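Open the structure in your viewer and keep the selection tool at hand. This tour goes stop by stop.

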Amino acid sequence: MTAALLPLLVLAACGDNAAGPGGLTEGEARELDEAAAIVDAQRIDEDDLPADLRQDTGE
């Protein structure tokens, strides 16, 4: 049975598992960067909002 599990353990060790800054793998960090880019692309400029929906910055 141990011999049957050995190939699975070797395959599990392969891949994008190296933890980088913040404890994330490179793949996880890349996915978060892609998600952040999507959020930024969908962000609406405050100047395009009606005046009653704009945040008061006190300026």
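Which residues form a negative surface patch? Select Glu28, Glu31, Asp33 and Glu34: these four make it up. Keep in mind that the model is predicted.

Stay on Glu34. Now colour by accessibility. Glu34 has 47% relative accessibility, so it counts as partly exposed. The cut-offs are under 20% for buried and over 50% for exposed.

Next stop: the salt bridge. How many salt bridges does the structure hold? The count is 1. Select Arg43 and Asp40 and show their side chains. The two meet in a salt bridge, with 3.7 Å from N to O. Side chains of opposite charge can pair when their charged atoms come close.

Look at each partner in turn. Is Arg43 buried or exposed? Arg43 has a relative accessible area of 60%, so it is exposed.

Now clear the selection and zoom out.

The accessible surface comes to about 5,400 Å². Colour it by atom type: carbon and sulfur atoms account for 58% of that area.

Definitions and conventions:
Residues numbered from 1 in each chain as written. Predicted model: local features only at pLDDT ≥ 70, side-chain atom pairs only at ≥ 80, totals over all residues. Heavy atoms only, no water. Patch = residues over 30% accessible without salt bridge, like charges linked within 9 Å, V, L, I, M, F, W, Y side chains within 5 Å. Areas by Shrake-Rupley, 256 points an atom, 1.4 Å probe, with all protein chains shown as cover. Lys, Arg positive; Asp, Glu negative; His and termini not counted. Charge placed at Lys NZ, Arg CZ, Asp CG, Glu CD. Buried < 20%, exposed > 50% of the residue type's maximum accessible area, 1.4 Å probe, protein only.
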